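Here are my notes for someone opening this one for the first time. Keep the viewer handy and go through the points in order.

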Amino acid sequence: MELCVLLRELHLLPPEKPFASSAPPAVTTVLSQLQEKLTAASSDTETFSLLDHTERLFLTADPDWLFSPAPAGEEELRSTHRSVVRALTDCASLPVCEDESSSLPPAGYHGVPGRALRVCSVLQVLLETLGQSQRTDLLLTLAPSVCVFSVMHYQDQVWTTSSSRAAARRLQEALLRAGGWTDSAHLLMGDRSLAVMEEEGTKRGVLSGVLDLLQPQLTRDTWHRCEAVKLVFVWTLLQVTRPSLSPHLPRFLPPSLFLNDHFRPENCMLGVRCLHHIVINTPAAELRQFNRADVMYEALFKHLFTTEAAVIQLVLSCLLDLMLVFEKPPSVLAPTRRRPCRHDDVLSLVLTHMEAENKVSLRRVYASALPPYIDRMGVGVCRHLKRLERVVLGYLEIGDPPEETSRLKILEALKTTMTVAWPRMEVRSNLLLRCLLRLLVDVSSDSCLEDASKRKLMSETALCIKLLDRCTHGKLLVYETKGSDTVAACIESELSL
């Protein structure tokens with residue numbers, strides 16, 4: 001009876017038919033008309049009224065009627081429900097940008113959080129009803145649209161508020177409960193075991209469906225028109241790991257390269273993160289296929305010429321993993337096979353930029369990236385010793401308070417260099433020793449430096465002097481430093497070990 005009243009309020013049931021003598025019309029007919037009304041709504045008042053009635057419909061309708069097969073079969077039922085869910089999500093869709101050089105102001109998203117809040121409530125009721133009915137096939141049909149919508153609206157962005165984000169998270173949790181998924185990664189990838197997938201259909205993933213929804217908006221000309229699309233794509237990719245990523249690599253790689261190539265640093269950083277995730281979670285043989293790895297390398301290498309510290313930090317980390325796709329680490333190669341390679345190209349360019357860099361943020365990034373590159377190069381770093389020596393001397397002369405990150409990382413790089421290329425250190429011992437002693441004296445007399453940073457710097461410097469002494473087979477001469485008992489005690493304690 002309540003359902004008939006509700007259908008009449010929605011003008012989906014002729015008023016002349018008595019309640020008891022007429023059964024409700026086919027659910028596909030009702031939902032198709034409801035979808036048309038949602039699509040045609042021209043004001044927030046009309047939209048909110050329809051959303052309220054839709055929520056009541058999902059609450060009061062008999063699940064056997066709501067999910068009953070249509071006369072044309074299950075496919076029509078799934079198609080109709082999918083259309084209704086997309087109409088609901090479109091009620092809180094984001095406006096698009098006209099060009100890629102600018103973003104919409106916050107005022108452009110006015111009203112979106114309120115509509116998203118109501119839509120989340122309606123979809124949550126539908127999912128709870130669907131979960132109780134154990135209609136796995138229908139749930140898998142609707143899950144991609146619900147997943148994309150919830151992820152889009154729980155981002156901390158200008159088109160969301162704390163209330164809408166909380167509603168979107170509740171919607172995501174309701175989706176996981178309805179399908180028996182443990183987390184977002186499980187939702188996308190499903191069970192890894194084929195035997196389990198055949199046994200329990202609820203554990204199938206919805207990654208293909210999500211990518212089907214995102215793909216039309218991720219072309220070179222359209223991806224930048226909606227701010228949320230790139231965030232949903234990045235979220236999706238970062239949830240997918242081995243071995244589920246490989247089959248979808250042709251769909252993940254192009255949008256990642258589009259983001260990587262964008263002129264805005266925030267988009268570029270998203271692209272680099274995506275490429276790094278792909279490198280880590282894809283077999284090297286698949287990356288080498290069709291020269292994918294070469295394309296990625298060229299796309300990343302060009303960022304080494306930028307002046308954005310955050311971008312360079314991500315790129316250097318990504319390149320360190322990507323280069324293993326092409327070649328073995330130079331440190332493990334036999335002496336007869338140590339030929340110049342991509343590792344040399346990257347390290348040479350990094351050292352060149354480090355010599356002339358005067359921005360503190362970039363100096364910190366370069367100094368932090370240097371130790372793992374030297375460790376990867378092994379004895380092959382001897383090709384770059386002249387330039388590396390100039391970098392070490394230059395960076396140790398200039399302080400980086402309060403944490404002294406640059407100096408500490410350069411000292412770490414120096415220790416690594418002396419460990420892997422110790423035969424070449426003796427001829428440079430006098431120059432390095434003078435620099436290290438000067439650093440000890442400067443640090444010990446610097447009253448502005450915090451005690452913790454001072455102790456750390458002096459300890460690392462003294463350790464470098466100890467390693468340098470071993471590289472010279474004990475020939476290093478350290479004269480007494482007058483007026484600095486702290487420095488003398490620090491050196492003596494290290495050399496006596």
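1. Glu389 and Arg428 make a salt bridge, with their closest N and O atoms 2.8 Å apart; the term asks for a side-chain nitrogen of Lys or Arg within 4 Å of a carboxyl oxygen of Asp or Glu. Glu389 belongs to helix 20 while Arg428 sits in the loop between helix 21 (405–420) and helix 22 (429–444), so this pair ties together parts that are 39 residues apart in sequence. Helices here are DSSP runs (H or I) of at least four residues, numbered from the N terminus. Glu389 is buried, with a relative accessible area of 18%, and Arg428 also counts as buried, at 17%. The cut-offs are under 20% relative accessible area for buried, over 50% for exposed and in between for partly exposed, with a 1.4 Å probe and protein chains only.

2. Before you go further: this is a predicted model, where local features need pLDDT of at least 70 and side-chain atom pairs count only at pLDDT 80 or more, while totals for chains, interfaces and linings use all residues. Residues are numbered from 1 along each chain as its sequence is written, and side-chain values use heavy atoms, with hydrogens and water left out.

3. Now look at Asp344, in helix 18 (residues 342–356). Is Asp344 buried or exposed? At 5% relative accessibility, Asp344 counts as buried. Leaving aside residues up to four places away in sequence, Asp344 touches Arg339, Met377, Gly380, Arg383 and His384; a contact here means heavy atoms within 4.5 Å.

4. With one of those neighbours, Arg383, Asp344 forms a salt bridge at 3.3 Å, N to O. Arg383 is in the loop between helix 19 and helix 20 (385–397) and Asp344 is in helix 18, so the pair ties together parts that are 39 residues apart in sequence. Arg383 counts as partly exposed, at 40% relative accessibility.

5. The salt bridge count comes to 22. Another of them joins Arg78 to Glu75, with the closest N and O atoms 3.0 Å apart. These two are three residues apart in helix 5 (residues 74–90), which means that about one helical turn separates them. An α-helix has 3.6 residues a turn, so residues three or four places apart point the same way. Glu75 is partly exposed, at 45% relative accessibility. Salt bridges also link Glu74, Glu75, Arg78, Arg135 and Asp137 into a network.

6. On to the rings. How many aromatic pairs does a search of the whole structure find? The search finds five, where rings of Phe, Tyr and Trp (its six-membered ring) pair if their centres lie within 6.5 Å, and planes under 30 degrees apart count as stacked, over 60 as edge-to-face and the rest as tilted. Phe233 is buried at 0% relative accessibility, and Phe252 is buried at 0%.

7. Tyr297 and Phe326 have ring centres 5.9 Å apart and planes at 75°, so this pair is edge-to-face. Tyr297 is in helix 16 (residues 292–301) and Phe326 in helix 17 (residues 309–326), 29 residues apart. Tyr297 counts as buried at 6%, whereas Phe326 counts as partly exposed at 23%. Ring pairs link Tyr297, Phe301, Phe305 and Phe326 into a cluster.

8. Lastly, helix 17. There is a kink of about 25° centred on Leu320, the bend being the angle between axes fitted to the seven residues ending there and the seven starting there. Among the buried residues of helix 17 are Ala309, Val315, Leu320 and Val325. The buried residues of helix 17 pack against helix 14 (265–281), helix 15 (284–288), helix 16, helix 18 and helix 19 (360–377).
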